[in-house]
Amino acid sequence: MDRTHLLSDQDEAHPGPSCPAGSYADPNAVPNDGATAPPADLMPVVPGYESLGPNVIPPSNFGSAQPEAPSRVPERRFDIPAITEELAHEAFIKYASSKCCYSSKPAKEMVFTDLQSLNTYRYRLETFTESRTTEWDSEPYNGQVVDGFGVAPAPWSIPVPIPSLFQDCVKSIRVPHTSTVKGCHSCLNLGRSACSRCVNSGRTRCSHCGGMGRTGSNRCSLCQGSGMTRCHSCGGVGSIKCKTCKGQGKLLCFIKLKITWKNNVYVAVIDKGSGFPVELLDQITGEKLLTDMAPMVYPVVSFPDSSVNAASESAVREHQAQFVTTCRILQQRQTIELIPITRVHYAWNQKTHIYFVYGTEHKVYSKDYPAKCCCCSIL
């Protein structure tokens with residue numbers, strides 16, 4: 001879960017990145033061939049796997065230690081230096097020039113009245129978790145080795161390589177000692193299924209004459225007047241190879257362990273009522289003031305702005321309560337960024353206006369540019 005907070009003013013969801021396909025190989029990886037397992041009531045009960053399904057399995061006791069409080073660091077001020085009038089003017093002219101319907105006169109003729117630097121911080125907590133679920137799965141049986149002897153290991157005792165930290169990833173593997181051979185439930189062990197196009201008859205209505213047997217006053221040359229032709233889907237046999245067992249009539253069934261790694265992100269933007277729309281900061285680079293990474297991080301307590309400390313405490317508490325009983329917390333990372341935002345007051349045409357210069361990229365936001373064409377005013 002990825003959440004964005006503006007001091008409880010808004011919550012906004014963001015998707016996380018995906019792990020690269022084939023990031024690592026596993027001989028027990030489950031092939032994706034479309035086969036499905038028989039109904040659960042036809043499958044044997046495997047000790048330790050009595051309750052299969054989509055619900056996550058609570059993690060075993062990994063002895064996860066509580067985070068240690070960091071030593072208190074000397075306090076320091078993190079102030080944003082105001083940008084120069086020259087830089088603010090240059091950024092505004094560039095902004096106006098990028099808008100096809102904006103006149104460049106306000107940006108060129110404006111007179112500065114005030115520049116205010118605003119301390120805006122972005123706090124981010126990432127909690128990288130691993131969760132596991134189990135279910136029956138199958139693949140067509142072609143005489144491969146059946147690993148059905150021995151005691152199946154518990155779901156959380158099966159070692160699985162961890163992919164790159166803080167990247168979403170999903171992997172499925174076969175649980176050892178759970179394999180068994182069953183007759184295919186889809187085709188009743190026959191290896192073939194009734195053709196749905198011809199309903200097992202091997203013949204379909206002639207497409208040339210529409211099943212009438214004649215075209216006008218002449219007998220149909222394609223079906224020779226019968227109105228029916230050989231089914232192209234099954235070749236006239238009336239049945240097709242079973243898609244579940246691929247014509248084998250048997251399935252190798254096994255318990256599949258699905259491992260899901262997810263980077264859960266909590267983001268809080270500490271804004272002091274500047275009037276700037278903080279959603280614009282999603283793709284903006286800030287200055288990193290703090291980076292802390294550990295299996296379980298301790299909330300930030302000594303940052304000069306108390307709102308940042310409160311956001312950190314809330315985030316850490318929320319993630320621990322949400323994930324510690326359902327997932328394995330592998331790693332946490334918290335960062336604090338200082339985002340430069342300058343509010344510019346200027347006068348043009350005997351009226352005062354405001355625009356913002358934000359981010360290290362010096363982007364500009366202006367809610368009410370004073371000289372737009374009529375089409376922009378309508379929009």
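Where is Phe 166 found? Phe 166 is in the loop between strand 3 and strand 4. This is a predicted model. The protein chain has four helices and 16 strands. Of its 379 residues, 42% are buried. Among contacts with a separation of 6 or more, 82% join residues 24 or more positions apart.

- Phe 166 is not a glycine, yet its phi is positive, at about 65°.
- Phe 166 counts as buried because its relative accessibility is 7%, and the cut-off for buried is under 20%.
- The charged end of Arg 333 sits over the ring of Phe 166, 4.1 Å from the ring centre.
- Phe 166 is also one of the residues in contact with Gln 332.

- Asn 200 lies in the loop between strand 6 (192-194) and strand 7 (203-205).
- Asn 200 has a relative accessibility of 47%, so it counts as partly exposed.

**Gln 332 in strand 14**

- Gln 332 is placed in strand 14.
- Its relative accessible area is 0%, so Gln 332 is buried.
- The Gln 332 side chain reaches the backbone nitrogen of Val 297 at 2.9 Å.
- Beyond its neighbours within four places in sequence, Gln 332 contacts Asp 292, Met 293, Ala 294, Pro 295, Met 296 and Val 297, among others.
- Its other contacts include Leu 125, Glu 126, Thr 127 and His 319.
- His 319 is itself one of the buried residues of helix 3.

**Thr 129 in strand 3**

- Thr 129 is found in strand 3.
- Thr 129 is buried, since its relative accessible area is 3%.
- The side chains of Thr 129 and Asn 264 are joined by a polar contact of 3.1 Å.
- Not counting residues up to four places away in sequence, Thr 129 touches Thr 260, Trp 261, Lys 262 and Asn 264, among others.
- Phe 323, Cys 327, Arg 328 and Ile 329 are also among the residues that Thr 129 touches.
- Phe 323 is one of the buried residues of helix 3.

**Helix 3**

- Helix 3 runs over residues 306-323 and has 18 residues.
- At 1.5 Å a residue, helix 3 should span 26 Å; the end C-alpha atoms are 26 Å apart, so the two values agree.
- At the start of helix 3, a side-chain oxygen of Asp 305 comes to within 2.9 Å of the backbone nitrogen of Ser 307.
- Ser 307 is among the buried residues of the helix, as are Val 308, Asn 309, Ala 311 and Ser 312.
- Further along, Ala 315, Val 316 and Gln 320 are also buried.
- The buried residues of helix 3 pack against strand 3, strand 12 and strand 14 (328-348).

**Nonpolar cores**

- In soluble globular proteins, nonpolar side chains tend to be buried together.
- The largest nonpolar core here has 24 residues; Tyr 49, Trp 136, Ile 158, Val 175 and Trp 261 touch the most other members.
- Strand 3 (111-140), strand 4 (169-174) and strand 12 (250-270) each supply at least two residues of this core.
- Strand 12 gives the largest share, with six residues.
- A second, separate core has 18 residues, including Ile 83, Ala 91, Phe 112 and Tyr 346.
- Tyr 346 also belongs to an aromatic cluster.

**Aromatic pairs and charges over rings**

- The whole structure holds 13 aromatic pairs.
- One of them joins Phe 92 and Tyr 95, stacked at 6.2 Å centre to centre with 10° between the planes.
- Both residues lie in helix 1 (residues 85-97), three residues apart, about one turn of the helix.
- Phe 92 counts as buried because its relative accessibility is 0%.
- Tyr 95 has a relative accessibility of 12%, so it too counts as buried.
- Phe 92 and Tyr 95 form one aromatic cluster with Tyr 102, Tyr 346, Tyr 355 and Tyr 369.
- Elsewhere, the charged end of Arg 174 sits over the ring of Phe 254, 4.4 Å from the ring centre.

Key:
Residues numbered from 1 in each chain as written. Predicted model: local features only at pLDDT ≥ 70, side-chain atom pairs only at ≥ 80, totals over all residues. Heavy atoms only, no water. Phe/Tyr/Trp six-rings, centres within 6.5 Å; stacked < 30°, edge-to-face > 60°. Buried < 20%, exposed > 50% of the residue type's maximum accessible area, 1.4 Å probe, protein only. Lys NZ or Arg CZ within 6 Å of the ring centre and 35° of its normal. Core = buried A, V, L, I, M, F, W, Y, C linked by side-chain atoms within 4.5 Å. Expected span 1.5 Å × (residues − 1). Contact = heavy atoms within 4.5 Å. Polar contact = N/O pair within 3.5 Å; in protein donor to acceptor, adjacent residues only side chain to side chain.
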